[in-house]
Amino acid sequence: MSNLLFPSVIIVAMLWPFGLAMRVPVRGWLSSSGRSRVWLDGWWCTAPLPALALLLPWSEPSLTLSWWLLGGVWSLDDPRRSLLALTVLLWGLAGLYARGYLASEQHRQEAGDDNAARRLQRFALFWPLCLAGNLLLIVAEDIASFYLGFSTMTFAAYALVVHAGTRDAQTGGLAYLVMAVLGEGMILAGLLWAAGSAETTMLDELREGLVEAEQGVWMAALLWLGFGVKAGVVGLHVWLPLAHPVAPTPASAVLSGVMIKAGLLGWLMTLPLGHADPGEAFVMLGRVMSVAGLAAAFGAAVYGACQSHPKAVLAYSSVSQMGMLTALVAMGLIVPEQWPALLAAVVLFACHHGLTKGTLFLGVGISEHPPRMPSWLLWALLLLPGLSLSGVLGSGLASKWGYKTVLYDADHKDLVLWLSLAAVGTTLLMARALWCQWRAARQASHDDPVALTGAMPVAWLGTLLAAASLPWWLPMGRPDWPPLGELVGLWWPAALGVVLAVSIGLMARQHLHEVIKKLPPGDLWWPLMRGYQAVAGRVARGVSRLGASVAAVVRRLQALERWLVDGLGVLARGEQWLGRHGAVLMMASALLLAIIMLVAP
Amino acid sequence: MSGAVFPIATLASSLLVAALIFLLPERAWWARTSLNLGASLIKLGLVGWMVWGLHRGLDYAVEFPVVAGVSFVLRADALGIMFAGLSSLLWLFTTLYAIGYLEDSPNRKRFFGFFSLCVASTLGISLAGNLFTFLIFYEMLTLSTYPLVVHRGTPKALAAGAVYLRYTLSGGLALLLGVVALHVIAGDIHFGEREVLADLGAEWHPLLVSIFVLMILGLGVKTALVPLHGWLPKAMVAPAPVSALLHAVAVVKAGAFGIVRLVYDVYGIELSYQLGLMHGLVAIAAVTIIYGSLRALAQQELKARLAFSTVSQVSYIVLGVGLFGPLATVAALSHLLHQGLMKVTLFFCAGNYAEELGIHRIDELDGAGWRMPLTSFAFTVGALGMIGLPPTVGFISKWYLGVGSIEAGMPWLLAVLVTSSLLNAAYFLPILHRLWFRVGPAHGYGDWPDERRLGRMETSGWLLWPTLATAAFSLLAGLLASMPFSPLEWAARVASQEYVL
Amino acid sequence: MNDLAALGDEALKLTPSLWAAVWLVLGGPLLLGLVALYWPPRRMLTVVAAYLPVMAATGWLIVTVAASGPRHASLALGELTLTWYLDGLATLLMLLTQTVLLASAVFAVGYCRAAELPSRPAAWLWPLLGGLSSGLTLIWIAADLLSLYVGLELMGLCAVALMLLPGEADALAAGMRYLLYALVGSLAWLLGVSLLLGAWGRLDLAGLAAVAEPGTVTTIAVALLSAGLLLKASIFPLHAWLAPVHGAAWIPVSAVHAALVIKASFVILLKLWLLLVPGQVVAAWGLGGLGSLAVLWGGLLAWRASGLKALVAYSTVGQLGYLMLAFPLLIGTSDAVATLAWRGTWLHLAGHALAKAAMFMAVGSLVLATGRSKLSELAGTSRRLPLPLLTFGLAAVTLMGLPPSAGFTAKWLLLQAAMQGQQWIWILVLVLGTMLTAAYLFRMFRHSFDEQAPPLTYRRLPPGMDLVPLLLALAALALGLVADLPLNFLSAQGASS
Amino acid sequence: MAMLPEAVMVALDVMLAVLLLVMALACLVDRCLWRACRNFVCFAVLMALTWWQLGSPLLAVVEAVLGAMLTGLSLFFALGIDAHHRLPRRDTLPGSPPSGLKSWLLPLAWLVMATTASLLLLVDDAGTSFSEALMVLDLPTIVGLVIIGLGLWAFTRHRHLLRRLLAFNVLGSGVFLVLAGVTGPRIEAQALILAGLIVALLGSLLGASLIRRLFLLDGRLALGSGPGGAE
């Protein structure tokens with residue numbers, strides 16, 4: 001009986017959000033005019049709920065679907081269950097938050113704004129669809145399902161990014177889409193290459209195959225970069241700061257909280273992390289990865305600190321945090337024997353960052369429209385996740401301690417130092433983000449005194465709670481808490497960060513302003529875009545010149561043909577001549593024939 | 001006895017219909033429509049029966065001599081029946097679509113007559129048992145499609161028809177020469193008798209290579225391999241169902257199918273590989289894939305973009321054929337079907353936009369998704385398939401092609417495939433963006449170029465349902481790719497036959 | 001293959017009933033024509049019914065020959081003995097002749113009515129057609145030069161006389177040129193025959209083949225004969241009389257003329273060469289070269305032609321060129337190549353006869369119905385006149401040599417022969433010819449599919465006028481698929497040699 | 001006639017031959033159509049005599065009736081006896097190029113070819129040497145060959161239809177003479193000539209009526225597209 005239970009649960013968990021997504025067009029189709037229709041209704045909010053059942057401790061959490069795509073296998077293990085928990089929680093709470101967040105659009109729909117209605121419909125459709133993809137990619141054990149889930153999530157998220165339809169949203173969407181497509185391309189290439197070499201359609205065999213394949217490290221590099229687009233590897237991160245500020249806040253929360261973790265999961269699922277003997281090349285790749293990760297951690301911190309939009313700051317913080325994660329994952333290649341312990345730390349870090357960052361993003365919306373609660377309480381609550389992310393308390397502290405111990409065991413103290421320094425940057429970013437929120441809130445309270453009630457604060461508080469309580473419920477296992485003596489070693493970066501932030505804030509306020517103007521969110525995107533436009537213009541000209549030259553050849557041929565056809569007039573004259581000289585020609589041909597026959601051998 | 005009846009009946013079902021339609025008066029709408037639909041259903045049934053029969057190990061063949069040493073052979077083998085299945089399935093949908101599309105337009109009798117002839121030729125191509133028979137139907141296809149291409153009778157259509165003929169007739173001649181030359185060397189080779197050429201001594205090899213090149217030239221015209229593709233973008237002036245048929249199943253597929261037959265069933269993979277022919281095919285296909293995509297990127301008309309996309313996509317088949325290995329073969333054969341499903345969907349959609357809203361250019365599509373959601377959904381499915389995203393069939397093809405190119409030891413082809421995917425994305429995603437995310441006339445800004453209310457739904461049901469059906473097929477054939485009798489599974493069956501022997 | 005050489009004693013004689021059948025085929029059409037001179041047929045079915053005995057006799061002859069081998073006949077007129085020979089080839093050609101003639105006669109009934117021809121000349125159409133038929137039949141079965149001469153002249157004079165009927169200046173001028181050339185051609189023929197007779201003392205082909213040595217006299221005689229026949233067969237460059245004749249004659253006449261009359265001279269030429277100078281490879285290549293030029297010349301002129309009938313007429317010039325390729329492929333080649341070429345040639349001849357007749361009739365219907373005779377004036381006809389256009393298209397398939405048609409199968413055989421014989425140049429000719437043919441034939445469709453032309457006024461034609469050519473065109477197509485049967489019949493006769 | 005001595009016979013033969021040639025020439029070169037036709041009738045009568053002389057009374061009669069009488073009548077019919085539709089009595093059309101000696105080239109070449117063949121034929125027959133054969137070549141053959149040459153020249157050179165018809169008839173007679181000459185008194189030869197005569201007559205009849213009607217319709221006298229048959 002139980003061997004049927006898990007399959008049905010997992011299928012329902014996958015189909016439920018998908019079904020809810022499909023419900024939107026069906027509802028729209030059944031009655032075309034429904035201004036009072038609530039798209040984000042209660043049912044809609046239940047999208048991730050069936051997946052909660054997957055978090056139960058199943059004895060044999062695996063399902064094989066032989067008819068599915070290239071043959072499907074869905075299963076769960078502890079790390080993935082943890083990420084699943086993160087996903088379900090954050091999506092669920094963000095969905096709840098979205099109901100409140102988009103209430104104004106609902107009002108506009110009811111007031112007869114068709115565009116608002118369509119935006120809502122689109123959101124209602126793509127949100128659960130994106131979730132379905134996200135869930136699928138977590139449970140997928142076969143490549144096709146994984147890729148299906150990954151790309152469904154990626155492309156459905158585009159709709160969330162461009163939701164507002166403003167110019168900035170279009171730019172953000174474009175950046176998101178371009179990078180996503182590039183990433184998909186690299187992932188596809190890596191997957192095909194690796195799967196072709198290993199002759200498999202399963203991810204675990206693919207990991208094995210990578211090590212054995214002659215050019216495995218290149219495949220791994222492709223996969224790292226491909227998933228790296230999502231995970232914000234330095235250089236490929238440009239979409240994050242562009243897409244996050246423009247997306248609706250709940251969408252930003254899931255984008256930054258959950259979806260970029262899909263990139264991480266991609267690494268975990270495809271790279272031969274913790275393989276007994278990955279070979280020199282993979283160690284080299286690991287070094288490159290960790291350097292790239294640290295570069296992202298620092299670069300993003302510095303650049304992000306110069307942003308003025310709180311969501312952009314948070315986005316850079318995500319880049320920075322993911323850089324730290326990248327460096328940790330890279331350890332799986334450099335010191336594979338430490339991987340099992342490190343994996344737990346990585347997952348904890350990922351979940352902590354996901355929930356905390358989700359809280360922070362949702363908090364941005366909260367600070368814009370403060371609910372009815374004392375201001376000191378509100379700001380204290382807004383400060384909490386920031387502190388957690390800086391590693392001062394809560395899950396942040398636990399996860400920091402988690403990887404620190406592993407790295408000490410692995411004798412990589414230098415990395416610990418670097419990560420601690422990165423935490424200084426994180427603190428800086430948090431300070432900056434809160435400062436920006438504070439200023440925005442002050443401005444907003446002047447012109448928009450409407451206070452929020454209901455879903456939004458509840459959802460926000462929910463995420464805050466979930467983030468805070470993370471170490472106690474994570475399916476990966478309870479993390480250890482640092483002994484009190486270690487706290488100084490864990491807190492000094494945060495303290496340094498606060499000092500730095502305050503001193504910079506006080507000393508260089510004027511300069512900062514000018515610097516900020518010169519550093520738009522999206523950093524590399526703009527020069528890349530300019531370069532691309534130059535190249536694309538040239539390519540487009542080249543292509544059109546190609547078409548034109550082909551057409552020119554055709555035209556020349558046609559002219560030749562016309563000339564020939566005109567030349568056929570000669571034939572007509574010849575025909576007349578032949579007509580006049582029939583008898584002569586007959587005589588001549590008789591003569592010629594006779595001569596030929598007589599002369600020929 | 002019954003073995004001979006089925007191929008003939010399948011062929012006759014459309015030939016007879018063609019004749020009857022020509023005899024019916026122009027205004028006999030009901031008779032013509034029921035004839036068309038009845039025959040296509042019957043044919044689908046017959047093909048289905050043959051599929052089942054082949055599964056049980058039966059043999060369907062008929063043969064009679066035309067002149068001494070040359071026979072007319074119809075034989076339903078696994079590969080042929082695959083193509084026959086595609087063409088009869090898509091014929092049904094395209095017929096339905098065409099009925100709606102040509103509502104109230106002149107010359108419907110001529111159209112449907114030649115339409116049936118065209119399908120008869122395609123079926124003949126699929127069931128042909130030797131090169132001679134193949135050639136017969138191949139040329140018949142050229143002739144029966146010409147009236148369809150010039151159907152509109154505009155100067156543009158007539159010019160396109162002239163170009164079409166120039167290309168295809170010259171190609172047919174090259175093919176004829178090749179077939180005759182093979183015949184002179186080796187006699188009447190039935191498809192599958194790979195040992196005949198393989199047993200020829202090495203002194204014949206240069207000749208065999210040149211014959212192969214000649215025949216590829218001939219087949220390449222219909223397959224629209226660069227630089228023989230010039231007719232295809234021009235031929236898209238034809239009515240949408242014709243374009244759909246031309247691009248999805250009839251003409252380009254006939255060429256691709258011919259290449260498949262030539263490599264697998266006449267020369268045999270081993271010999272082709274020995275002669276180094278496969279590398280040439282791969283090179284041409286790779287160039288065509290990239291070139292077609294680049295040109296598509298520059299097109300501003302929807303159908304033109306789709307046409308260049310076909311140039312690119314059909315070469316996937318050729319690429320698969322050119323790679324040595326069973327996986328690549330599976331890719332080639334399954335893409336034969338997959339591309340048909342996807343492209344027919346896309347052209348149906350283009351036709352729907354043109355008929356319902358008068359949209360021809362891509363920049364007129366803003367917001368059309370909200371005006372015609374189902375059509376646009378179908379278009380989205382097709383476009384995603386072209387990019388190669390799961391769960392559409394395009395992904396399945398791309399997967400097998402990629403894995404096949406690794407198997408054949410040519411990982412650099414992945415770059416071609418991925419570049420093609422990226423380019424596909426670059427020219428399809430903007431369309432999707434326009435459809436769903438831009439504000440346009442559906443939002444009250446501006447007008448559609450030429451809006452007609454064709455039906456109670458977003459457009460006439462005749463136009464809508466076939467579109468949705470093919471879109472559904474392109475989704476399902478991908479989602480359920482590992483089911484028995486799915487295109488992929490059947491392709492794998494054919495491939496295993498090719499490699500076991 | 002060369003069955004005339006087998007004119008031996010083993011061949012069976014004709015039984016009296018077979019004699020009757022031969023006479024019926026030979027004289028029946030002429031007799032019917034004479035009857036029709038006074039009582040012109042008004043209905044198509046009448047013609048069919050009246051012609052039935054002739055067709056039946058032809059069929060019976062074929063069956064007999066197929067069953068029991070070729071028949072030998074000699075007809076003594078005093079001291080003079082004429083030799084006739086019925087084999088598979090002759091009987092099949094008879095069938096072809098009668099079929100095409102019957103079709104044109106049936107078509108002619110409708111044509112006379114629809115074109116409102118003056119009754120007096122129209123009545124003369126019948127006996128002259130009958131005379132043509134008799135002449136042709138005589139040529140097919142004749143096995144001596146005298147019978148051939150008589151047949152040739154009967155045919156030729158009737159053909160010229162048919163040109164008189166339209167009574168228009170162009171037709172008369174064309175007829176006059178035709179007459180002069182035909183007569184001079186006959187004299188060349190006669191001179192050649194006289195040399196042969198003088199040298200070898202006999203006129204029967206079998207005997208000549210046996211005794212004639214390829215000396216200077218034979219050579220000169222054959223050269224003279226060939227020149228005359230080339231002129232009559234309108235082979236390039238002696239073809240210039242053909243297009244005006246076809247352009248000016250009545251449609252049924254043009255159809256028969258293009259389908260059969262010019263082919264008769266070709267058939268004689270081929271027979272004579274194979275019998276008398278089977279070793280003249282270079283000259284045979286020369287004839288092949290003439291044929292190639294004809295293919296190109298005819299094709300190019302047809303491409304340029306603006307009139308419908310001119311197009312079809314020049315197409316005939318080009319298509320005859322293909323037939324001439326038989327010479328290089330048959331003379332001095334291996335048996336295998338010769339067999340292929342032999343079959344290809346006859347198949348092409350038959351296919352072209354059927355298709356060209358059909359095409360002329362289709363063109364006639366188009367011209368009659370629209371009252372226009374130029375290609376460019378036919379814009380938009382496809383909507384109103386689908387059947388004649390369909391017929392034209394089907395006939396065009398055969399002429400272009402596209403499958404499935406007799407033209408295709410014939411081209412296949414010729415190509416195969418050329419490749420096997422490694423005579424690459426003819427392949428080029430066949431390819432170029434096909435392209436040219438396609439180029440000029442599709443011009444027709446390019447115009448007729450034009451939907452933006454101002455509508456023309458149309459005249460209704462009797463349905464039989466559409467049906468008859470359609471059947472002919474279909475026959476040409478079907479012949480391509482079932483070519484094995486008649487060709488085996490041909491070669492079975494050959495094998496007996 | 002059989003009683004006449006050999007020499008007289010030869011003299012008569014030679015005279016007949018000379019007369020034939022003269023008449024043929026007169027018929028072919030005279031631009032006055034009426035005279036040319038009259039000359040042709042004379043020529044045909046002479047031909048009938050020649051047949052008689054060659055011992056073929058049947059042919060003589062046929063020639064007289066068909067050749068001289070009926071063909072002559074048809075020629076005059078074409079010329080127009082009735083006053084209403086008379087062809088111009090004189091041929092004013094220029095000859096086809098090439099003119100002068102060049103116009104003789106091809107006819108001469110033909111002549112050489114036909115003569116060679118005839119000679120060789122007789123050489124083979126009689127087993128004599130070439131020079132002897134030249135002597136053996138009998139008069140009718142020689143005359144026939146010369147007439148063929150003349151006829152060919154006229155046929156290619158003239159453009160007036162009536163004159164070309166005349167040329168054809170003369171040419172035909174020449175061919176018949178050669179035929180009779182090289183084959184001797186054979187029944188096949190007679191049959192061929194007979195057939196040829198009938199064909200020539202029918203051809204002349206057809207030609208005459210064509211000429212007449214062409215002229216009646218648009219005044220055309222030659223085969224050309226221009227007015228009056230000009231090229």
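Tutor: We begin with pairing: two strands count as paired if DSSP finds at least two bridges between them. Keep in mind that this is a predicted model.

Student: In strand 2 of chain C, which residue is the bridge partner of C:Lys13?

Tutor: The partner of C:Lys13 there is C:His72. Strand 1 of chain C pairs with strand 2 (residues 71-77) of chain C through two bridges, in the parallel sense.

Student: What holds paired strands together in general, and in which directions can they run?

Tutor: Strands of a sheet pair through backbone hydrogen bonds, and the pairing is either parallel or antiparallel. In this model, strand 2 and strand 3 of chain C run antiparallel and are joined by seven bridges. One bridge pair is C:Arg71 with C:Leu86, the latter in strand 3 of chain C.

Student: How many residues lie between strand 2 and strand 3 of chain C in their hairpin?

Tutor: Two residues lie between these strands of chain C. In the turn, C:Gly78 has a positive phi of about 65°.

Student: Is strand 3 of chain C mostly covered or mostly uncovered?

Tutor: Strand 3 of chain C is mostly covered, with five of its seven residues buried.

Student: Why does B:Leu11 count as buried?

Tutor: A residue is buried if 20 or more other C-beta atoms lie within 10 Å of its own. B:Leu11 counts as buried because it has 23 C-beta neighbours inside 10 Å. B:Leu11 sits in helix 1 (residues 2-23) of chain B. Leaving aside residues up to four places away in sequence, B:Leu11 touches B:Leu74, B:Ala120, B:Leu123, B:Gly124 and B:Leu127. The C-alpha atoms of B:Leu11 and B:Thr122 are separated by 9.3 Å, although these residues are 111 residues apart along the chain.

Student: How many residues of chain D are in contact with chain C?

Tutor: 39 residues of chain D are in contact with 35 residues of chain C. On the chain D side, helix 4 (102-126), helix 7 (161-183) and helix 8 (187-218) each give two or more residues. The largest share, 18 residues, comes from helix 8 of chain D. By class, that side of chain D has 25 nonpolar, seven polar and seven charged residues.

Note on methods. Residues numbered from 1 in each chain as written. Chains lettered and ligands numbered in written order. Predicted model: local features only at pLDDT ≥ 70, side-chain atom pairs only at ≥ 80, totals over all residues. Helix = DSSP H or I, 4+ residues; strand = E, 2+ residues; numbered from the N terminus. Buried ≥ 20, exposed ≤ 12 C-beta atoms within 10 Å, placed from the backbone. Contact = placed C-beta atoms within 7 Å. Nonpolar A, V, L, I, M, F, W, Y, C, P; charged D, E, K, R; others polar.
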